[in-house]
Amino acid sequence: MKVDVLLGLQWGDEGKGKIVDVLTPDYDVIARFQGGPNAGHTIEFEGKKFILHTIPSGIFYPGKVNVIGNGVIVDPYILSLEIEKVRKQGFTVFDNLRISRKAHLILPSHRLLDAIYESAKGKDKIGSTLKGIGPTYTDKMGRNGLRIGDLHYADFYEKYEATKAGHLRIAASYDFDIAAVKIDGMSFAEYEQQWKDAIAVIKKIEHIDSEYFLNTMLQEGKKILAEGAQGSLLDIDFGSYPFVTSSNTTIAGVCSGLGIAPSNIGKVFGIVKAYCTRVGSGPFPTELSDDDGERMRRQGNEFGSTTGRPRRCGWLDIPALRYAVMLNGVTDIILTKADVLNNFETIKICTHYRKDDTSFDYMPFDITDIQPELIEVNGWQSDLNNRTWEQMPAAFTDYVRTIEQMSGVKISIISTGVDREQIVRKIENTLQ
Ligand code: IMP
């Protein structure tokens, strides 16, 4: 058996949570491999809506094992709230959830530092979710981090205090009023108390050596789906640096974040929205600041599921998509939010970029100040619900086939709404 991977090919918010939920019946284990509570994976079914930040999106199926891998960073307070919400709706969590001993902890002082660094950047701010992502991964790489496994040692709070003291020394060197800072609406001291209280909940989850667990599962013939967070264009190495997150959101993150060998990777499902969005700062070549962008935001409810911020909207960007396909070795594209474009008379697609009178179709070192070269296609102007692929309007199938031709990858699943049931499987492969 191989590990199949599902990851975002744009700037995050492609609808990964819903698709993991749809694919979960085909798998035994769902494993998150990177990121932290900056993610917000939305799942809707039977009139219920959940936003998961740390828990893998397979949690709603009894009997499926959900693993938080070593590459994920965990805020005990946020995870404990998430667990409570899911349990309140009658789902089993502790029996179906495992967490890697090697996953790093987001400390309250990491969140404090995130707020300080972001505020110090002024107009160059990244637009971070302020969940402590950058400072926690910095400590991981700097070999100063604390991990889930450390919670079981008697000197945990000694180490905690030493790490926190280091952070507070850094904080003191900034012109920043720590007393005034609010973390999720709380003072630092209040938040820290909640965080410490949440440790008891985190200890109720089974802590495992997830690399052994997953590789044993593979040997036993079990099917594993690796669930990515954020998107390829936010990757720390390949994204629009420095306006990126602090982990490898691309395929490499699966190997380092779960302990899976490259030769054990099977299908790579790349999730692509029918248009593009970006939340936070940073270059966005196809961004729209007109009525079309506003329509996408309204129809697609494009507001951050973690922060509530309005998302920036724009046309589908093929050079960026091809770049993400190349980096990840995508075998199948899953197209989401196609229904958001239902009422558009015409739709544009960016096929090339232009800078200084030169046209090109690759991702340059710097994507600021590049102009998109757009083609225009007909919109389908009809509802896509309750139709099979064969029953779809011609303008829609043309749009899908154009994306396949331009990206070089077949589209095998199309999502036409927020609910679990709004999904179309496409067998036809126009690329063969
Ligand atoms: P951070 O990872 O919270 O530090 O945020 C860094 C950048 O990535 C910011 O522009 C965020 O808006 C963006 N970002 C982080 N997580 C997500 C996500 O799950 N979806 C979309 N954008 C994200």
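Predicted model: local features only at pLDDT ≥ 70, side-chain atom pairs only at ≥ 80, totals over all residues.
**A colleague's note on the ligand site and salt bridges**

1. Let's start with the ligand.

2. Which residues come nearest to the ligand?

3. A ligand oxygen sits 2.9 Å from a polar backbone atom of Val 279. Another entry concerns Gln 230, which has a polar side-chain atom 3.3 Å from an oxygen atom of the ligand. For Asp 13, an N or O atom of the side chain is 3.2 Å from a nitrogen atom of the ligand. On its own the ligand has 470 Å² of accessible area, and the protein covers 96% of that.

4. Is Thr 245 buried or exposed? Its relative accessibility is 10%, so Thr 245 counts as buried. Leaving aside residues up to four places away in sequence, Thr 245 touches Asn 38, Ile 133, Gln 230, Leu 234 and Ile 236.

5. Now to the salt bridges, of which the whole structure has 29. One of them joins the side chains of Arg 101 and Asp 209, at 3.2 Å from N to O. Arg 101 belongs to the loop between β7 (97-100) and β8 (104-105), and Asp 209 to the loop between β9 (206-208) and α7 (210-219), so this pair ties together parts 108 residues apart in sequence. Arg 101 is partly exposed at 34% relative accessible area, and Asp 209 is partly exposed at 31%.

6. Lys 131 and Asp 184 form another salt bridge, with their closest N and O atoms 3.7 Å apart. This pair links loops 53 residues apart: Lys 131 lies between α3 (108-120) and α4 (133-141), Asp 184 between α5 (156-172) and α6 (188-203). Lys 131 counts as buried at 11% relative accessibility, whereas Asp 184 is partly exposed at 36%.

7. Finally, Lys 164 pairs with Glu 192 in a salt bridge whose closest N and O atoms are 2.9 Å apart. Lys 164 in helix α5 and Glu 192 in helix α6 are 28 residues apart. Lys 164 is buried at 13% relative accessible area, and Glu 192 is buried at 10%. Elsewhere, salt bridges with shared partners connect Asp 13, Lys 273, Glu 302, Arg 311 and Lys 337 in one network.

Technical notes: Residues numbered from 1 in each chain as written. Heavy atoms only, no water. Buried < 20%, exposed > 50% of the residue type's maximum accessible area, 1.4 Å probe, protein only. Contact = heavy atoms within 4.5 Å. Polar contact = N/O pair within 3.5 Å; in protein donor to acceptor, adjacent residues only side chain to side chain. Areas by Shrake-Rupley, 256 points an atom, 1.4 Å probe, with all protein chains shown as cover. Salt bridge = Lys/Arg side-chain N within 4 Å of Asp/Glu carboxyl O. Helix = DSSP H or I, 4+ residues; strand = E, 2+ residues; numbered from the N terminus.
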